[in-house]
Amino acid sequence: MDKAWAPVITMDRESAIPLYEQIARPIEAAIVSGELPAGAMIEDEVSMAVRLDVARPTARRALQELVNKGLLSRRRGVGTRVTPTHVHRPMKLSSLNDDLADAGFTPSTKVLNYHVREASTDEADKLGMAAGDGVLSVSRLRYADAHPLAILTNIIPLDIAPTWQELGTAGLYRCLAGRGIQIASAQQEIGARGANVEEAETLGEEIGAPLLTMHRVGRTAEGRPVEIGNHVYRPGLYSFKFSLFSS
């Protein structure tokens with residue numbers, strides 16, 4: 001197991017600066033300076049509270065402040081670690097897997113659910129199919145440098161659906177391209193909501209923590225809808241980047 005990093009801090013109990021800030025600031029400085037690299041383990045709140053002679057809620061708040069800033073990630077069974085660099089994704093039609101690789105991250109994927117079923121009325125309408133036609137419903141957990149980043153859920157017409165093995169090793173768009181399917185346009189909506197129990201457990205967040213959401217319907221150049229995407233991202237690690245013009 002990695003050795004946990006313990007910050008050297010001299011607590012000034014007469015200072016107007018709250019104790020939790022006195023703990024959080026040097027940790028933040030070490031992360032920003034690069035002294036603490038991505039993935040480094042941080043001392044847990046119990047040990048920190050005892051060593052610095054502060055209340056456990058004070059140590060917990062110090063760590064949570066850094067989690068809220070996206071600098072630390074806390075996950076049961078894994079501990080508290082420095083998060084990877086924030087992913088700024090360009091607003092373009094591309095694969096998250098490829099975008100992560102292009103940005104210098106090491107992406108990986110775990111297929112959480114792979115289910116062949118009949119399309120609902122709404123799904124059939126969006127995909128230009130008849131209700132009851134076969135679709136693949138697949139959910140994947142995407143990692144950036146071994147850190148859970150996003151849960152990607154897609155509905156795909158069964159006649160072009162990639163296999164479980166393909167989706168575990170390559171991005172969806174690359175898999176579709178191997179079948180002669182190129183995504184040329186899409187309608188996309190971006191929003192935010194709180195994490196449910198399953199999402200929180202999977203992503204290592206607290207229940208109700210804010211998540212960035214994306215809904216997309218992708219089409220080929222001929223206008224055929226070939227995928228519905230409903231994705232959630234950890235906003236402390238991920239954001240979309242837009243270019244805006246006056247006209």
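The model is predicted: local features need pLDDT of at least 70, side-chain atom pairs count only at pLDDT 80 or more, and totals for chains, interfaces and linings use all residues. Residues are numbered from 1 along each chain as its sequence is written, and side-chain values use heavy atoms, with hydrogens and water left out. Helices (H or I, at least four residues) and strands (E, at least two) are DSSP runs numbered from the N terminus.

**Three-stranded sheet**
- An open sheet has three strands in the order E1-E3-E2, with antiparallel pairing; two strands pair if DSSP finds at least two bridges between them.
- Strand E1 (41-42) and strand E2 (72-75) stand at the edges with a single partner strand each, so one side of each has no neighbour in the sheet.
- Two bridges join E1 to strand E3 (residues 79-82) in the antiparallel sense.
- Met41 stands opposite Arg81 in E3.

**Helix H3**
- Helix H3 (residues 56-68) has 13 residues and should span 18 Å at 1.5 Å a residue, which agrees with the 18 Å between its end C-alpha atoms. The expected span is 1.5 Å times one less than the number of residues.
- Its buried residues are Thr58, Ala59, Ala62, Leu63, Leu66 and Val67. Buried means under 20% relative accessible area, exposed over 50%, and partly exposed in between (1.4 Å probe, protein chains only).
- An α-helix has 3.6 residues a turn, so residues three or four places apart point the same way.
- The buried residues of H3 pack against helix H1 (19-33), E1, helix H2 (45-52) and E2.

**Nonpolar cores**
- The largest nonpolar core has 23 residues, and those with the most contacts inside it are Ile23, Met48 and Leu72. Such a core is a set of buried Ala, Val, Leu, Ile, Met, Phe, Trp, Tyr and Cys residues joined through side-chain atoms within 4.5 Å.
- H1, H2 and H3 each supply at least two residues of this core, and the largest share, six residues, comes from H1.
- Apart from this core lies another, of 15 residues, among them Val111, Ala170, Leu172 and Cys175.
- Leaving aside neighbours within four places in sequence, Leu72 has contacts (heavy atoms within 4.5 Å) that include Ile31, Ile42, Leu63, Leu66 and Val67.

**Aromatic pair**
- A search of the whole structure finds one aromatic pair.
- Tyr114 and Trp164 form this pair, which is tilted, at 5.8 Å centre to centre with 50° between the planes. Rings of Phe, Tyr and Trp (its six-membered ring) pair if their centres lie within 6.5 Å; planes under 30 degrees apart count as stacked, over 60 as edge-to-face and the rest as tilted.
- Tyr114 is in strand E5 (residues 107-118) and Trp164 in helix H6 (residues 164-169), 50 residues apart.
- Tyr114 is partly exposed at 27% relative accessibility, and Trp164 is partly exposed at 41%.

**Two buried residues**
- Arg234 lies in the loop between strand E10 (225-233) and strand E11 (238-241), and is buried at a relative accessible area of 3%.
- The side chain of Arg234 reaches the backbone oxygen of Pro148 at 2.8 Å.
- Ser139, in strand E6 (residues 134-144), counts as buried at 14% relative accessibility.
- The side chains of Ser139 and Thr153 are joined by a polar contact of 3.0 Å. A polar contact is a pair of N or O atoms within 3.5 Å; within protein, one must be able to donate a hydrogen and the other to accept it, and residues adjacent in sequence count only if both atoms are side-chain atoms.
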